[in-house]
Amino acid sequence: MAVTVVVGAQWGDEGKGKIVDMLAEQYAIVARYQGGANAGHTVCIGDREHVLHLIPSGIFHEGITCVIGNGVVIDPAALMSEIGQLRDAGVDIRGRLLISHNAHLIMPYHKQLDVIREQSRIGTTGRGIGPAYIDKFQRSGIKIVDLLDRDVLARKLKANIEEKNLILTRIYGHATFDVDAIISEYQAFDQRIDEFITDTALYLNTALQDGKEILAEGAQGALLDVDHGTYPFVTSSNPTSGGACTGLGIPPTAVNRIVGIVKAYSTRVGHGPFPTELTDATGERLRTVGHEFGATTGRPRRCGWFDAVALRYSAMINGIRDIAITKLDVLDDFDEILVCTGYEFRGRRLKTFPTDLQSLESITPVYETFPGWKTPLSHCRAWGELPTRAREYVEALARLTDTRIWIVSVGPRRDQSIVLS
């Protein structure tokens, strides 16, 4: 039995959708293990671009089962919209999409509270993800299985809504929510997705016993992990590889490979420390050439040079040995390309990544400069077809982060990839 975990190794938006879609045909099952509709995984098939928020990126391969695990928080409206878009695109999901009965639901009041609390400027998407996880961990959340019993659902919702209405009216001056209306809405949702609901932990473990291969797909990035990221400017779950086990109900002993998806430069959405950020014309150039705008929110991404210190840390906490480098082609026209190889902090050189804000906001990145290759890469399909300087740059990233290059992506399409042995 074997599970490969795909992790975003930076601050998210590394191109996980493309790599998962590309790898999916080698697996029987692709399973999403955390996050919610705040994720945006882009898959390009031919000239058509698909953006997935909840459904795993393997859904475009016939015969592959896609699982939304218990670690994901589900917005019914977002899920039904996504299912509808796939059907409109001619993708048959019958018998191929399974959703954990233990996955927690995002309720209307979660979204309202998320929008209000975003006044604290953490940089969330306002999709209700954080408040849903808060309810989950304070043991007042609503799970999909709760939809099966109207009395149970009514009791839990009544308690939740009474509390949330007090917060919304007395603290924020917002309108209240109606219990009966929400019960009716969510029970109608249950009827529409009933065919997809199952005990996915049992399904996945049975599949492993039967010798099937599973590809576990994370959302966001390791540096946004609620425990190991740049707290408090993080997501509300565990995108790191360990989250795959808790988010899917599979044992750690089943995981035999962890792949880090790494952009050839760095980006970050929202607020929080970003040591190599470029706020000048070069940063704007990276954003423009790389089309660096959020797939979920459309927000412009902050851009900067590759940070080898951050990636070494990410590789350590995730157990990453193999990496897939994406968007190498974005650097085609740069005369020089910089890579952060260390941090200076209060007169001394740091080789580790400090996750506390006080240190990160005070460090000065130390750079090594590489010559650009000044030629298009989008046509390259083999390692030897890359210009010497492009190969040297990629090899340097591996050397500086103590990882191995497995895949190099030179464009958004499936075929614009170079796989190394």
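Analyst: In helix α10, the buried residues are A308, V309, A310, L311, Y313, S314, A315 and N318. Buried means under 20% relative accessible area, exposed over 50%, and partly exposed in between (1.4 Å probe, protein chains only). The model is predicted: local features need pLDDT of at least 70 and side-chain atom pairs count only at pLDDT 80 or more, while totals for chains, interfaces and linings use all residues. Residues are numbered from 1 along each chain as its sequence is written, and side-chain values use heavy atoms, with hydrogens and water left out.

Helix α10 spans residues 308-318 and is mostly covered, with eight of its eleven residues buried. Helices (H or I, at least four residues) and strands (E, at least two) are DSSP runs, numbered from the N terminus. The buried residues of α10 pack against β1 (2-8), β11 (255-263), β14 (306-307), β16 (336-345) and α12 (388-401); contact here means heavy atoms within 4.5 Å.

Both ends of the helix can be described. After α10 comes G319, whose phi is positive, near 75 degrees.

The largest nonpolar core holds 58 residues, of which L331 and Y393 touch the most other members. The largest share of this core, seven residues, comes from α12. A nonpolar core is a set of buried Ala, Val, Leu, Ile, Met, Phe, Trp, Tyr and Cys residues joined through side-chain atoms within 4.5 Å. Apart from neighbours within four places in sequence, Y393 contacts A264, F306, L328, L331, I337, V339, F370 and W373. A separate second core of 50 residues includes L52, L79, I83 and L215.

Charged side chains also lie in buried positions. R301 forms a salt bridge with E292, their closest N and O atoms being 2.7 Å apart. A salt bridge is a side-chain nitrogen of Lys or Arg within 4 Å of a carboxyl oxygen of Asp or Glu. R301 counts as buried at 7% relative accessibility, and E292 is buried at 0%. A network of salt bridges links D13, K263, E292, R301 and K327.
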